[in-house]
Amino acid sequence: GKANGAEVVTTTVAQTLSNKTLTSPTINNPALNTPVLSTTGSEAFVYADGPGANTGIRLYTEGTGSINFKAGGDASMAIFSPVANAVNYMRTYSAATGSDVLITAQGADTNVSLNLTTKGTGTVKANGVEVATVSDTQTLTNKTLTSPTITGTPTGIAKNTDVQVFTASGTWTKPAGAVAVKVVCIGPGGGGGAGARGPSGTALSGGGGGGAGGYSEAVFLASDLPASVGVTVGMGGAGAPGQTVDDSAGANGSNPSLNTVFTGYLMAARAQCGGGGGLGVAGAASGTSGGGWGAGLIVGGGGASLNGNTSGAGGKGGDGICIVVTYF
């Protein structure tokens with residue numbers, strides 16, 4: 001029947017209703033696999049009911065419209081937005097006791113990744129800790145790298161040693177992070193003596209070689225050393241010049257200027273100079289006599305040798321040196 005030209009709704013006839021609002025309806029015996037709207041206390045919920053053991057619920061949008069779950073005050077809690085022609089998707093699984101909850105990537109493709117994208121400079125975190133990635137610039141702490149392969153030139157990696165070599169006096173400054181310091185001091189060598197000069201037929205001697213500088217080495221805890229230490233480096237002694245007048249004994253070489261010193265902690269002594277060549281007995285044959293060399297790391301100057309009535313000059317002694325190696 002109709003009322004005012006419109007079909008009347010009855011209580012038993014199967015009919016399709018449109019543009020109707022149902023206030024607090026009670027729905028009995030719904031069609032299979034359809035959602036049920038209900039309320040319990042202060043909660044409203046949707047559930048699937050029917051004779052089947054496993055009945056799902058699907059939510060459909062028009063085209064690429066989103067599904068937006070909202071809380072009171074119209075605040076969005078989660079928005080699910082599809083893309084056209086999508087074949088891959090995210091799926092979550094709850095877990096039984098002792099198992100992990102799963103968030104998985106699934107779909108038609110063989111390999112499907114999960115891409116967690118933040119807004120602005122936001123970061124992805126797990127249990128409140130930022131997650132490291134393979135390409136972002138990040139600072140890692142408390143990590144052990146086992147057999148790593150490092151390509152390019154790394155920056156920010158602490159060096160194992162710092163080596164400072166002093167060939168002249170100066171100041172050593174303790175580097176930050178120093179653990180131990182090895183100091184090597186080598187004293188300067190003495191200058192060689194000049195050979196004697198006399199007329200042909202006079203027995204003459206070459207000058208003696210200068211002595212070698214001393215050697216000292218020690219290792220210190222960095223904490224036992226001050227922030228800076230003065231370094232003194234002695235210069236090698238000068239060789240004696242050759243004589244220009246006959247019947248003149250050779251002059252001695254010069255002693256080095258100073259010891260080599262890591263002030264207050266280590267010293268290597270300077271060497272002695274070489275002596276000058278002496279005059280011999282008249283009438284002896286003219287000859288050649290070489291001066292000896294000092295032994296050690298920094299050798300003294302060589303003594304001058306003779307050839308006829310020529311007096312050779314002594315050689316200069318080697319300069320001292322101080323080497324400071326810092327270990328981190």
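Here is a short chat about a few spots in this predicted model.

Modeller: Quick ground rules: residues are numbered from 1 along each chain as its sequence is written, and side-chain values use heavy atoms, leaving out hydrogens and water. As the model is predicted, local features need pLDDT of at least 70, side-chain atom pairs count only at pLDDT 80 or more, and totals for chains, interfaces and linings use all residues.

Colleague: Okay, why is Thr326 called buried?

Modeller: Buried means under 20% relative accessible area, exposed over 50%, and partly exposed in between, using a 1.4 Å probe and protein chains only. Thr326 has 0%, so it counts as buried. Thr326 is found in strand β20 (residues 321-327); a strand is a DSSP run of E, at least two residues, numbered from the N terminus.

Colleague: And what is Thr326 in contact with, leaving aside its neighbours within four places in sequence?

Modeller: Its partners include Asn160, Trp172 and Val181. Contact means heavy atoms within 4.5 Å.

Colleague: Why does Asn85 count as exposed?

Modeller: Asn85 is at 77% relative accessibility, so it gets the exposed label. Asn85 lies in the loop between β6 (75-80) and β7 (88-93), and its phi is near 60 degrees, a positive value in a residue other than glycine.

Colleague: How do you know that β15 and β16 pair?

Modeller: Strands pair if DSSP finds at least two bridges between them. Strands β15 (residues 228-232) and β16 (residues 260-262) have 2 bridges, in the antiparallel sense. For Val231, the bridge partner in β16 is Phe262.

Conventions. Helices (H or I, at least four residues) and strands (E, at least two) are DSSP runs, numbered from the N terminus.
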